[in-house]
Amino acid sequence: MIRNCSQLAEVRQALNSGHWPQAVAPELRAHAAGCNRCTQEILITQHLFAAKASAITAFQTEALPPAPALLWWRAQLCRRDSALAQAARPIAAAQLFAIAITIAAAIGLIATHWGSIVSHASNIPAPSFSASAFVALLGNWGLAPLVLATTLVAALGGVALYLSTDRH
Amino acid sequence: MNWEDSIPAIAIAHAVPAAEPAMDSDQFAAFYERTSRQLWAYLARTSGDPALADDLMQESYIRFLGAGYPGGGDVASRSYLFRIGTNLLRDHWRRKRTVPLEDLPPERSAARDLSGQTESRLTLTPALARLRPRDRQLLWLAHAENYSHREIAEITGLATPSIRLLLFRARRQMAKLLKEGA
């Protein structure tokens, strides 16, 4: 059960102001000696005050704290970086949009002129082995390889764009 | 030639209006002078790792400056700084292991302390080392920093009513450990 003592605030104030135990009334000291809650408060607060004092001494003598100017400068850099990234976001979106439009236009162009491309390729003389094989492949599979290749290029382009940003 | 011109990214960033900083350099230096010892003592004593306290203290100030001025004067800024430090410490503990903070065995988080004698002044006292990390934080904030239950709730992200109960339990355990040690 959590019980508080009516004189706990007084004890706490004396502890925090450094007046405990010398500069407090004898009645308060007598009360604290018999009160479990106040004894607990005194025990823990004095222990943690000592731990804090030794840590502060260690910080001043043994730790190597950075100069505040350096921290302030680093914080400004972080702020500027994030502001820059925020400002660059619409540009990256516009670039992606432009790439998408270009790819769509290329696919549309190829699709509308597909017949003439195939007839032109079939008119190429026999020695061009690879061209005739390609035409045969297109004849069997239709637009599937072209669409697949375009998708692959678009996907790789996206990955390349993602990896080329500053953050990565 | 300005030093900033030598770093292209900074020069470009001049064109981008960043949000107003929380404090100017001099204000921050004064604030740092007032708070750094206490923040470092808190981080070092609750983590038991002075090197980690160094890192987290730096990161706390950088995030504090980046977050903007919280308002409410020096007291609010100080508790906001402690809140950032507490969150960073919690993130550190969570990254190391996936169990919840309250379920962490005390000896694991204080393992580094118990191994070395040379850093005894910087590490945990035996009683603190045997407490759970969250209990150490609560006791430190309540007793060493003299924060109220409401302020502790804001710093730790716990509900105000539960602070009273958690502190009661932590206090009871620590008093027992201190009496045993004595």
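**Exercise 1: a ring pair across chains**

Trp40(B) is buried, at 1% relative accessible area (buried means under 20%, with a 1.4 Å probe and protein chains only). This is a predicted model, where local features need pLDDT of at least 70, side-chain atom pairs count only at 80 or more, and totals for chains, interfaces and linings use all residues. Residues count from 1 along each chain as written, chains are lettered from A in written order, and side-chain values use heavy atoms, leaving out hydrogens and water.

Task: Work out which kind of aromatic pair Phe59(A) and Trp40(B) form.

- Step 1: Ring centres must lie within 6.5 Å; planes under 30 degrees apart are stacked, over 60 edge-to-face, the rest tilted.
- Step 2: Here the centres are 5.4 Å apart with 40 degrees between the planes, hence tilted.
- Step 3: Phe59(A) sits in helix H3 of chain A and Trp40(B) in helix H2 of chain B, so the pair joins two chains.
- Step 4: Phe59(A) is buried too, at 5%.

**Exercise 2: a ring pair within chain B**

Task: Classify the pair Phe31(B) and Phe64(B).

- Step 1: With 5.0 Å between centres and 15 degrees between planes, the pair is stacked.
- Step 2: Phe31(B) belongs to helix H2 and Phe64(B) to helix H3 of chain B, 33 residues apart.
- Step 3: Phe31(B) has a relative accessible area of 0%, and Phe64(B) has 0%.

**Exercise 3: the interface**

Task: Find how many residues of each chain are in contact.

- Solution: 53 of chain B touch 43 of chain A (heavy atoms within 4.5 Å).

Note on methods:
Phe/Tyr/Trp six-rings, centres within 6.5 Å; stacked < 30°, edge-to-face > 60°. Helix = DSSP H or I, 4+ residues; strand = E, 2+ residues; numbered from the N terminus. Buried < 20%, exposed > 50% of the residue type's maximum accessible area, 1.4 Å probe, protein only.
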